[in-house]
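Me: I have a model open and want to learn how to read it. Can you take me through its features, one at a time?

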Amino acid sequence: MQVDHVKSMLLLARMLAARYNMKVVLTASKTASVTPDTISLPRKWVEGTAKSREATEMLAGVLDHECVGHARHTDFTVMPKYRAKGRMQAFLLNALEDIRIETCASRVYPGVARNLVSMVDYLSKQGFFGTASQVGANSPKHELGNAILVLGRARLLAGQDVPLAAVANAYAQFVAAQYGSLWPKIWDLVCKAPDAETTVEVGHLVDQIWKLIRQVAGEDPADASDPTANRAARHIETDPNANMTESGDIGEKIGKALASSPLSRDAGQIHPSSRKARVAPIPQEWMDVSARVKAALGRDFEALMEAKTECRKSVGLTGRRIHSGSLHRVKTLDARIMMHRIMAEGISTAVSMVVDVSASMSDKLDDGTGISRLQATGGVMVALADLLELHDVPFSAWTFDDGYCCIKQFDERWGSHKGRDKVLSVIGGSTYADQALVESLADLACRDEERKLLVFLTDGDSSNMKQVEAAFRDAEYLGVDMAVVLIGKEFEHHVDQYKRITGRPLFVTDTMQTLAKTVINAVRVSI
């Protein structure tokens, strides 16, 4: 199934990026971009490529280039320095750095080279490296940049000579005729890029290339040892930077290719909502319901946690609670009154909660309480979050509707985080669960705990069940336990659908009391 492969690639990309403290996000932009902590991919790339085997192979190359290449090997602090020097220098840095990081990635993961060849083949067929007949028709700086980009890939990266053969041969003839002795000197520097150890070293190569061009251009034409090289260098040096309209990064070419592709235009049907999300605090109704849940089930949960760990308590300067039996110390200016629990055995479980907040969740529960499904699930999520944090169980919390929102990440403190004004992003409308599942699974897969649990609460089928099914298979492969809780018994086909894709028993509930017990028990089973 094509969509399964795309989602699995995206999940793997997030796991690889996470190794280097980076995250992969989907955006509404047209091109990919990389910053020191984020790899941004256009949502339309991922959704559109699911319809084409060739485009899917191209996307695999993109993910390898960005996640295995840039995320692991690029020093992003170098990039702004060369953008400040000029468009030509920035272009050359991007082109040579791409050659270096793709070489490094292929050495670590040999299969990467094959994916990169497929990516370049796709772009070449779309004409984004130019054609042989177009060589020599652009400005001097543009032609030099393209010659280095095309010949560098064709001659220095394994397998890329085949898709680039025609345009590379044309550039080889062009530089030999137009640059004279200047080109062999430039090429000697370009050939050092694959073996450069850092982005800084690549920057030094760019500086040497530009210095060489200026030296040759500075010769008196009447006394120049090679008039052809002198003329070419002067044309390159005096060519306005404004003529350099590209960045030299392969991501820009990919973006243009897919932006003009029918795949990109059709992909918008998968996630139809373009409305801006409403950012809000966690609703007070959720807080009120959570208090009821904790009052009814909190003691049972705490008893479970105590039974799962052998704890001893110590009193010191720091801790979560005041130890009432040590308050007498205050009189003697002894501040050691905070109780701290020490886990002798410990709970090695990480939990992610993924909650449906789509429009249908506003329907009332079938228990006469007047509480909506959304209020009930939100309250249960808040209550469970409070209990997990109390017992130092790492967790994250997500919501989804037309889009998705991370309410809490693993490294955030829930106690202070839940009271903020901008925590919850609610769009409403349809139910698209896949992206929230993929995001939360990627975070869980990178955790070190022995057990991993994802609690999934929804009241019906997602609008893209094929993607959801692929995410469930990814969870099984990654060793993540899934607790699926369906709210509302009137839709039996939902139960059958989720039973089929999960292959395990489901939790079904339609009352406030059973919902809370169901979720707590699901966690209880895993922990």
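Reply: Start with the surface. The accessible surface of the protein comes to about 23100 Å², and 50% of that belongs to carbon and sulfur atoms. Such areas come from the Shrake-Rupley method with a 1.4 Å probe, and for residues only the protein chains shown count as cover. This is a predicted model: local features need pLDDT of at least 70, side-chain atom pairs count only at pLDDT 80 or more, and totals for chains, interfaces and linings use all residues. Residues are numbered from 1 along each chain as its sequence is written, and side-chain values use heavy atoms, with hydrogens and water left out.

Me: How much of the protein is buried?

Reply: Buried means under 20% relative accessible area, exposed means over 50%, and partly exposed lies in between (1.4 Å probe, protein chains only). Here, buried residues make up 54% of the 527 residues.

Me: How many helices and strands does the protein have?

Reply: Both are DSSP runs, numbered from the N terminus: helices are H or I with at least four residues, strands are E with at least two. The protein has 20 helices and 14 strands.

Me: What share of the contacts join residues at least 24 apart?

Reply: Contact means heavy atoms within 4.5 Å. Take the contacts between residues at least 6 apart in sequence: 72% of them join residues at least 24 apart.

Me: How do I read a pair of packed helices?

Reply: Two packed helices are described by the angle between their axes and the distance between the axes. Axes are lines fitted to C-alpha atoms, for helices over the stretch in contact, and angles run from 0 to 180 degrees between N-to-C directions. Under 35 degrees counts as roughly parallel, over 145 as roughly antiparallel, 65 to 115 as roughly perpendicular, and the rest as oblique. On the α5 side, the contact residues include Phe91, Leu92 and Ile99; on the α7 side, they include Leu144, Ile148 and Leu149.

Me: Which residue classes make up the contact of α5 with α7?

Reply: Ala, Val, Leu, Ile, Met, Phe, Trp, Tyr, Cys and Pro count as nonpolar, Asp, Glu, Lys and Arg as charged, and the others, Gly among them, as polar. This contact has 10 nonpolar, 3 polar and 4 charged residues.

Me: At what angle do α7 and α11 pack?

Reply: Helix α7 (residues 140-156) meets α11 at about 105°, with axes 7 Å apart. That makes α7 roughly perpendicular to α11. Pro140, Lys141 and Leu144 of α7 touch His235, Ile236 and Glu237 of α11. The classes are 3 nonpolar, 1 polar and 2 charged.

Me: And α10 with α11: what is the angle?

Reply: Helix α10 (residues 199-217) packs on α11 (residues 227-238) at about 120°, with axes 8 Å apart. Therefore α10 is oblique to α11. Contact residues include Trp210 and Ile213 of α10 and Ala233 and Ile236 of α11. They divide into 7 nonpolar, 1 polar and 3 charged.

Me: What is Asp207 in contact with?

Reply: Asp207 sits in helix α10. Leaving aside neighbours within four places in sequence, Asp207 contacts Tyr82 and Lys85. The C-alpha atoms of Asp207 and Tyr82 are separated by 9.4 Å, though the residues are 125 apart along the chain. At 29% relative accessibility, Asp207 is partly exposed.

Me: Where does Asp392 lie?

Reply: Asp392 is in the loop between α15 (373-390) and β9 (395-400). Its phi is positive, about 60°, although Asp392 is not a glycine. With a relative accessible area of 44%, Asp392 is partly exposed.
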